[in-house]
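Please keep the structure in view while reading.

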Amino acid sequence: MLRRNLLILGTGLLAAPRVHAQAFPSAPMTLICAWPPGGGSDIAMRLVAEAASKKFGVPVVVDNRPGAAGAIGHRAIATARPDGYTFGMFSTAGVAAPYLNANANTIDELEPLAFFGSDPSALQASTASGIASLQDFVTRARANPGKIKNGNDQPGGASFLAVASYEKLMNFRIQKVPYAGYAPTVTALLAGEVDSATVAIPDTIEYHRQGKLKILGVSSAERHFMAPEIPTFKEQGFDVEVGSWRCIAGPKGMPEDRLRTLRSGLLDAMRDPDFLAKARQAGFTTQPGDAATTLARWRADDQLLYTILDEAGLVKARKR
Amino acid sequence: MQDLLGNLAMGFGVALSLQNIGLCFIGCALGTAIGVLPGIGPLPTVALLLPFTFSLDPTGALIMLAGVFYGAQYGGSTTAILARLPGETSSVVTCLDGYAMALKGQAGTALALAAIGSLLAGMVTTLLIAAAGPPLADIALLFHSADYVSVMVLGLISAVVMAHGSVLKALLMILLGLLLGSVGTDVATGEYRFTLGLDMLADGIGFVPISMGLFGLAEIMINLENRGGRGVIAKAVGSLWPPLAVLRQALPAMLRGTAIGAGFGIMPGGGPTIASFSAYSLEKKMAAQPARFGHGAVEGVAAPEAANNAATQSCFIPMLCLGIPPNALMALMVGAMMVHGIQPGPSIITKQPELFWGMIASMAVGNIILVILNLPLIGIWVRLLQVPYAYLFPAIIVFCAVGTYTVDNSTGDVVLMAVFGVLGYVFRKLDCEPAPLMLGLVLGPLLEENFRRAMVLADGDVTIFVTRPISLGFLLAAAALLAAVLLPSIRRGRQEAFRE
């Protein structure tokens, strides 16, 4: 902050005395990531920051503010000075958060800027379970509600929301067993402690190819680029699309011209072929989209996730 | 055997390339530096380095990141011994006898023992990974939630053995640690507990602010009170190189520590921590005069230091052989592989043999680099103790505050550290040891999470803990350990009763 002010002072003295008169952006920008360094979101945002920095011609610095399932970082975005220099990442888990945590920010408190992409959810079965296909899984789950044990995040987390969405949209019920993250979930699935799991494709495809677990399907419109041999849910007769997405959002109240610059600049940055290649190598499914796309996805998920959480008795913090 | 030698030769070929030796050195040097700085741990360092490795080849990147991780274990013991500041959970135990040795003017010996113990453990464990990595990795898959519960119980009981004061106080400190560990988000329901409406507490109370407060700040207050701000180490610093007799005494302890560490490191969750606590407890139980422990026992430094380094290395086994990261840092390493387009999984050995064997060989190289790096530094560290305390203690406080802040970029954590500093002072006055509390704090959330998951999976049937053989084994070991602690005091109690 201090450095930015000094820079503004430095350039300002030469050019114009007021910040408004300057070209935007003319100082380092901050990209807040509500997740710890090194995780999937952090890596995704560092790639975005690199591309945005190239596009805007100023440094874009990733600022990690992890904690409270993203609520701390999201608040930092929502309460940042709306001068266009601070924005950050928002994701599916943040959509559900306000219903679980009274302190979490809602859709009305943030300004969508651009869409990063959606990682499709997938369903895996352990080899010990003997589940042969998605159809087999659904048949078993419907015949014996609550018998199949599924490894997922704690309530509100991405893979919890995925399996809860499957239950609602495909009309079955299984026992959800919470694990702290994907790594322990995959371990439990390999060890046969749970029968199934809802973990992303990049984390499980190698085990599938080695025959250590079976990926039953991926719930997206198209097959996953890293796992072309895995059929979609739709191909298997279940018209269900579930995934967790990431977008860039800023605080409300930014000046209209800066908002325009940010939106088009971020979108261009994420359409850069170099960025797309790096993101793909790291396993991200990118679908660069504009602010309107982002808002539409956000609103649709807000509706679906609220219903799911409400039926599960998890809506505690606020009602719609 | 032929295969092993061939593979190792290939690995050393990779690890000894000029670029990779350089990266290994950078990693080890960085690791040592952050290990020495209190609060700044390997996790954020590796995380911040990650983007810089995007442009390196994956093997070089992983060699450097691994160097930071095990390098920090070497450096972490330095502040634990010199200033009673455990930078890492696994060096909490080193504070006990290491700092006591420093107070007796044997800081150099303690630091040298820590380095030698770490080297021995590192080399033995590296060989173990090379010779038996893949079959050992499968052990990680034998463990279910119920078994982890029993491992945690054993770990907690070992903290009782460790305490050199009253057993009752140690038990109460563990319980307090467990209670503090229950602050935060409940993993089973997502409910916030005891967070006082503060988002800062939603992820629980961090290890760093508590350990900096309970150990570091409390020690400063006690020193200022007892010595009125004069230097801590009044005695002349003796020879840096440990005498042969001391080495002979420490060697078996190092070997036992290595065995314990290598075993616990393979299990996900809390490996190095449980390993160092267990190694210390074992040494104390085996010693002819357990009363020496806590007052500068050589084995009390050698065994846990060997154990935590062995565990640090052996937690690479499930990561490299199965793609399963047993802790957050290994998860970052998996992330680094994925960035380079390498999918984690059992196929790494066959698909990326240069990476697998290069990593293993680099650990051997790295351990030697670390010892070469650390032994000459000991002289400098020890001289630091001669800095007048009036200058030293404000510096320590600043380092603690900076370290605590950087964990989550949170000022709240710094306030928390100050609160626990005061609490730590009160505990010292009441003769309550903070180490068992730390273990309760670290293991409590894991214990609870696994217990509740085990209950969900077993449909509420508690017999799961005795019907699973692994779990039963650990529970029996815990019971035997508890009996070994309690029996003498019960007998003593009876004798006292008879006397009356």
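The model is predicted. Chain A is assigned two domains, domain 1 (2-118 + 244-311) and domain 2 (122-236), and 40 residues of chain A are in contact with 39 residues of chain B.

**Domains of chain A**

- The centres of domain 1 and domain 2 of chain A, taken over C-alpha atoms, are 30 Å apart.
- Contact between these domains involves 12 residues of domain 1 of chain A and 11 residues of domain 2 of chain A.
- On the side of domain 1 of chain A that touches domain 2 of chain A, helix H4 (92-100) and helix H11 (291-311) of chain A each supply at least two residues.
- H4(A) gives the most to that side of domain 1, with five residues.
- By class, that side of domain 1 of chain A comprises eight nonpolar, three polar and one charged residues.

**Sheet of chain A**

- An open sheet of five strands in chain A has the order E7-E6-E8-E5-E9, with mixed pairing.
- Strand E7 (175-178) and strand E9 (213-218) of chain A are the edge strands, each pairing on one side only.
- Strand E5 (residues 122-126) and strand E8 (residues 196-197) of chain A pair in the antiparallel sense over two bridges; A:Ala125 has A:Ser196 in E8(A) as its bridge partner.
- Helix H7 (residues 182-190) of chain A lies across E5, strand E6 (149-152), E8 and E9 of chain A, and runs at about 155° to E6(A).

**Contact between chains A and B**

- Of the 40 residues of chain A that are in contact with chain B, two or more come from each of helix H2 (40-56), helix H3 (71-78), E7, H7 and helix H8 (205-209) of chain A.
- H7(A) gives the most to this side of chain A, with five residues.
- The side of chain A that touches chain B has 21 nonpolar, 13 polar and six charged residues.

**Helix pair in chain B**

- Helix H4 (residues 58-83) and helix H16 (residues 353-384) of chain B pack at an angle of about 30°, with their axes 9 Å apart.
- H4(B) and H16(B) are therefore roughly parallel to each other, and their crossing is right-handed.
- Residues making the contact include B:Leu62, B:Ala66, B:Tyr70 and B:Tyr74 of H4(B), and B:Leu355, B:Met359, B:Met363 and B:Trp381 of H16(B).
- The residues of the contact of H4(B) with H16(B) divide into 13 nonpolar, eight polar and one charged.

Note on methods. Residues numbered from 1 in each chain as written. Chains lettered and ligands numbered in written order. Predicted model: local features only at pLDDT ≥ 70, side-chain atom pairs only at ≥ 80, totals over all residues. Axes fitted to C-alpha atoms, helices over the stretch in contact; angles between N-to-C directions. Helix = DSSP H or I, 4+ residues; strand = E, 2+ residues; numbered from the N terminus. Parallel < 35°, antiparallel > 145°, perpendicular 65-115°, else oblique. Left-handed = near helix turned anticlockwise from the far one by under 90°. Contact = placed C-beta atoms within 7 Å. Nonpolar A, V, L, I, M, F, W, Y, C, P; charged D, E, K, R; others polar. Pairing = 2+ DSSP bridges. Domains from an automatic or database assignment.
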